[in-house]
Amino acid sequence: MPWKGEADPYKVWLSEIILQQTRVDQGTSYYTNFVQTFPHIYSLAKAKDEKVFKLWEGLGYYARCKNMLATARFIAFENDGKFPESYEELLKLKGIGPYTASAIASFCYNLPKPVIDGNVYRVLARVFKIKKSPDTTEGKKYFVGLAAELIDKKRPGMYNQAIMDFGATVCKPALPLCDSCIFQKTCGAFLEKNVLAFPVKLKRITRRERWFTYFIFYMGEKVFIQKRTGSDIWQNLYEFFLKETGKPMKWTEQKIRKYIDRELSIPEKVEICIHPPMKQMLTHQVIHAVFIEVHLKKMPTMLLQFDGKWLNKKQLRETGFPVIIRRFLENSIMLS
């Protein structure tokens, strides 16, 4: 992991923001690209939003990216380019919670703040046979208190890295290396022969299903796109003209022509192409998407009322889209 042993608060912060809700194997290449593109806080702070969001494309949870930019600009332009050196001040920055603040505090400033990720929860739960769930407020508080008790006050950064690495390489979720584990004689879960029952899980993720129909409006070589705003998924990324329905739609050419004529005053004499449906799994949602190309002969007046823009192929390649749209673009002839 390229950030391992790093003491530069900018790089530690960057790695932690990227790894929120992201697997290490996926986040590593993003971290490398960000550090190469924006080697210091000032270069990130001065970057255009579109360039940063394009680099973030595919990581999901785009509010992270928005908060990251806000924090970068605050530090660069209002705090002389320096990260706060106290845990409490770090917590005041946008997008920084207890975990990230603890990581920066311990790795960069040698403050005795425990960093508790999934690996740490698992090690503590098994070794101490903790039957409280980290999914609950009570359980989380208990784990935090225990972690704070155990931390090495003189070498907190090294301790935090050690216990996280131990969880990632030895005390693994499904195939822990109990036969070679140094805690064999004291691990409560191992002695009980019930290692996989820890940590206790209570919450099950239920995914909401959503059905998106994307109308790809062409005018010659250009395509109409809009920016996603509000607090919904994919904030600040771009998409085609969207029609969301509460259930799956069985689109036919006749239904499409009727819809675009009624809603957008687009006459029936347009060329239409319906693509096979696609699906994207998010943490709490399943997105079902259908892409429909509509080749226009003249600009529909109704489209002018929507806040969008028309892009050519080169501009589409440089624009940040949700994963499902990027996959569609890469598999279609639109960018060829």
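This is a predicted model: local features need pLDDT of at least 70, side-chain atom pairs count only at pLDDT 80 or more; totals for chains, interfaces and linings use all residues.

Colleague: How many helices and strands does the protein chain have?

Modeller: The protein chain has 14 helices and eight strands. Its C-alpha atoms fill a box of roughly 75 × 50 × 35 Å along the principal axes.

Colleague: And what share of the residues is buried?

Modeller: Of the 336 residues in the protein chain, 47% are buried. The accessible surface comes to about 18,300 Å², and carbon and sulfur atoms account for 54% of that.

Colleague: Let us turn to the aromatic rings. How many aromatic pairs are there?

Modeller: The count comes to 21 aromatic pairs. One of them joins phenylalanine 215 and phenylalanine 217, which are stacked, with 6.1 Å from centre to centre and 10 degrees between the planes.

Colleague: Why does phenylalanine 215 count as buried?

Modeller: Phenylalanine 215 counts as buried because its relative accessible area is 0%, and the cut-off for buried is under 20%. Phenylalanine 217 is likewise buried, at 0% relative accessibility.

Colleague: Which kind of pair does phenylalanine 215 form with tryptophan 251?

Modeller: That pair is edge-to-face, with the centres of phenylalanine 215 and tryptophan 251 5.6 Å apart and 85 degrees between the planes. Phenylalanine 215 belongs to strand 1 (residues 208-219), whereas tryptophan 251 is in the loop between strand 4 (241-245) and helix 12 (253-264), so the pair ties together parts 36 residues apart in sequence. Tryptophan 251 is buried, as is phenylalanine 215.

Colleague: Which residues form an aromatic cluster?

Modeller: One cluster consists of Phe212, Tyr214, Trp234, Phe240, Phe291, Phe321 and Phe328.

Colleague: What about charges: where does lysine 113 lie?

Modeller: Lysine 113 lies over the face of tyrosine 87, 4.4 Å from the ring centre. Lysine 132 has its charged end over the ring of tyrosine 142, at 5.5 Å from the centre.

Colleague: A change of topic: how do the side chains of strand 6 point?

Modeller: They alternate along strand 6 (residues 278-281).

Colleague: In which sense do strand 6 and strand 7 pair?

Modeller: Strand 6 pairs with strand 7 (residues 285-296) in the antiparallel sense, over four bridges. The two strands form a hairpin with three residues between them, and lysine 279 has histidine 288 in strand 7 as its bridge partner.

Definitions and conventions. Residues are numbered from 1 along each chain as its sequence is written. Side-chain values use heavy atoms; hydrogens and water are left out. Rings of Phe, Tyr and Trp (its six-membered ring) pair if their centres lie within 6.5 Å; planes under 30 degrees apart count as stacked, over 60 as edge-to-face and the rest as tilted. Buried means under 20% relative accessible area, exposed over 50%, partly exposed in between (1.4 Å probe, protein chains only). A charge sits over a ring if NZ of Lys or CZ of Arg is within 6 Å of the ring centre and within 35 degrees of the ring normal. Two strands pair if DSSP finds at least two bridges between them. Accessible areas come from the Shrake-Rupley method with a 1.4 Å probe; for residues, only the protein chains shown count as cover.
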